[in-house]
Amino acid sequence: MAAAPEPSEPKERKASCTSLHLSYWKAFKLLGFLDVENTPCARDSILYGSLGSVVAGFGHFLFTSRIKRSCDVGVGGFILVTLGCWFHCRYNYAKQRIRERIAREEIKKKILYEGTHLDPERKHNSNSSN
C-alpha cells in the first residue's frame, strides 16, 4: 500500500488515455484552418457526417455489391450529412444568439427604467388602480 502524499506536496498528474484523447481534439484542425474545438457545431457535424458516410456507403454496398460506387456514395453521404448538420446547427445557434441579445437589451431597459416615470409597468399598474 502506498503512502498518501502530504498536503504540502504538489500532486503529480499522470497522463491518461482520456486526457490524451481530449488534448488531441483540442489541437485538431480540419484542413489546417477549421479549429474544431472553438468553432460551434464543427465537431458534431463532422461526427454525424462520418456516421452518415459509413451508413450510406455500407448500405449501398449491401444492395449493389459495387465497391467503387459504394465508396463514392459514402463520400457523397459524408458531404451531404456534414453540410446538412452544419447549416441546421448554425441556424439554431444564430437564432439562440439573437434571442440572447434581445433578452440582454430588455434586461438593460428594465434596469434603466425601473422606478422612473418611463417604466411601462408603473404606467400599467397606475392606470389599472384608478
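User: Hi! Which hand does the crossing of H2 and H3 have?
Analyst: The crossing of H2 and H3 is right-handed, meaning that the near helix is turned clockwise from the far one by less than a right angle. Helices here are DSSP runs of H or I with at least four residues, and strands are E runs of at least two, numbered from the N terminus. This is a predicted model, where local features need pLDDT of at least 70, side-chain atom pairs count only at pLDDT 80 or more, and totals for chains, interfaces and linings use all residues. Residues are numbered from 1 along each chain as its sequence is written, and side-chain values use heavy atoms, with hydrogens and water left out.

User: Nice. At what angle do H2 and H3 pack?
Analyst: About 150°, with the axes of H2 (residues 42-64) and H3 (residues 67-113) 7 Å apart. Axes are lines fitted to C-alpha atoms over the stretch in contact, and angles run from 0 to 180 degrees between N-to-C directions. H2 is therefore roughly antiparallel to H3 (over 145 degrees).

User: Switching topic: how many disulfides are there in the whole structure?
Analyst: A search finds 1, counting cysteine sulfur atoms within 2.5 Å. Cysteine 41 and cysteine 89 form it, with sulfur atoms 2.0 Å apart. Cysteine 41 sits in the loop between strand E2 (34-35) and H2, and cysteine 89 in helix H3, 48 residues apart.

User: Is cysteine 41 buried or exposed?
Analyst: Cysteine 41 is buried at 10% relative accessible area (buried is under 20%, exposed over 50%, partly exposed in between, with a 1.4 Å probe and protein chains only). Cysteine 89 is partly exposed at 25%.

Definitions and conventions
Parallel < 35°, antiparallel > 145°, perpendicular 65-115°, else oblique.
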